[in-house]
Amino acid sequence: MNSNNFRMPACRLATLATVTALAAGPAVLSAGAAHATTDHGRASAVVLRTGLDVSLLDKTVNVPLAVTLNEVQAPQSAEKTALTARLDGVNGGRPFTVLGAEAASAGATVTGELAEGSVRVAHARLHVPGLPLLSLVEVGTVTAKATCAVGKRPVAAANVLGAVTVLGKRVTLTAGGPTEVKVPGVGEVRLDLSRRSATTRTAAATALELKVSVNPLKLNVAEVEGTITLAKATCESPMVPPTGHPVPSHDPASDVKSQGGRADLAQTGGSSATPYIAGGALALVLVGGGAVTVARRRKS
């Protein structure tokens, strides 16, 4: 009687242990799965950006000149060809032209597979406060483009085409290093040509970056210093969302063949659930063996 009353719970306990072991396997797998966050990518473009400090009246008054022309973030585009600014104490308080061009466009686009920023400026004339008649820079055509495509290396390109004039002097720019132009009684400009950078997901291109230090004589502006960026584009590639399909293994051990042929799971009857089935069977054997041992002791 005691023996029969014990065997039923033991069998049930063994069955429960087996089911628990089999169910635990898929739960552990799903808990360890990683979920990547999606990213739609980014792109930007700007025709002109200035960061200048303007000192007036022997540096008794400091006025910043921070302006931009055609600065866009994807998805957007702009085609303004002139930028004016107003600074108290300069040009009689009236607006003055910072940049004038025959054509100036900036565009930024982003899709599921591509992020791209691009800029084109044609026949540009750049001015700074205190030099109403003399252009800081005149250039034929400048372009900048940054392209980031999914699965491809990002690409950045920038070009300056045609003649370049700085403070009235015609100069030849080289990509090997900065070009410095000094004009006595006016100031100096350092130009960096076609700056480019790229990583595994990002790219940036700048056609011209200028470091300006202007101190014209006998004018109402004591000093102009800072940086000017002409034609810059950036991008960051979109990330591919997870597909949910298993990634094929490239483990060399998976290609090892046995003497009787390939020892894959299809021939041996194994699968990804084999470890859990084996674990459940082992639990069943242990619990069953324990039940038999206890039953024999009670009979004795």
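Predicted model: local features only at pLDDT ≥ 70, side-chain atom pairs only at ≥ 80, totals over all residues.
## Salt bridges overall

Side chains of opposite charge can pair when their charged atoms come close. Here the count comes to five salt bridges. Let's take some of them pair by pair.

## Glu71 and Arg49

Glu71 pairs up with Arg49, and their closest N and O atoms sit 2.5 Å apart. This bridge ties together distant parts of the chain: Glu71 is in the loop between β3 (68–69) and β4 (72–73), while Arg49 belongs to strand β1 (residues 42–56), 22 residues apart.

## Strand-to-strand pairs

Glu116 and Lys145 meet through their side chains, at 3.8 Å from N to O. They are 29 residues apart, with Glu116 in strand β8 (residues 114–126) and Lys145 in strand β9 (residues 137–149). Lys145 has a relative accessible area of 42%, so it counts as partly exposed.

Then there's Glu209 with Arg195, whose closest N and O atoms are 2.4 Å apart. This one links strand β14 (Glu209) to strand β13 (residues 187–198, Arg195), across 14 residues of sequence. Both ends are partly exposed, Glu209 at 25% and Arg195 at 41%. Elsewhere, salt bridges with shared partners join Arg42, Arg201 and Glu236 into one network.

With 41% relative accessibility, Asn215 is partly exposed. Pro184 is 31 residues away from Asn215 in sequence, yet their C-alpha atoms are 9.5 Å apart in space.

Definitions and conventions. Residues numbered from 1 in each chain as written. Heavy atoms only, no water. Buried < 20%, exposed > 50% of the residue type's maximum accessible area, 1.4 Å probe, protein only. Salt bridge = Lys/Arg side-chain N within 4 Å of Asp/Glu carboxyl O. Helix = DSSP H or I, 4+ residues; strand = E, 2+ residues; numbered from the N terminus.
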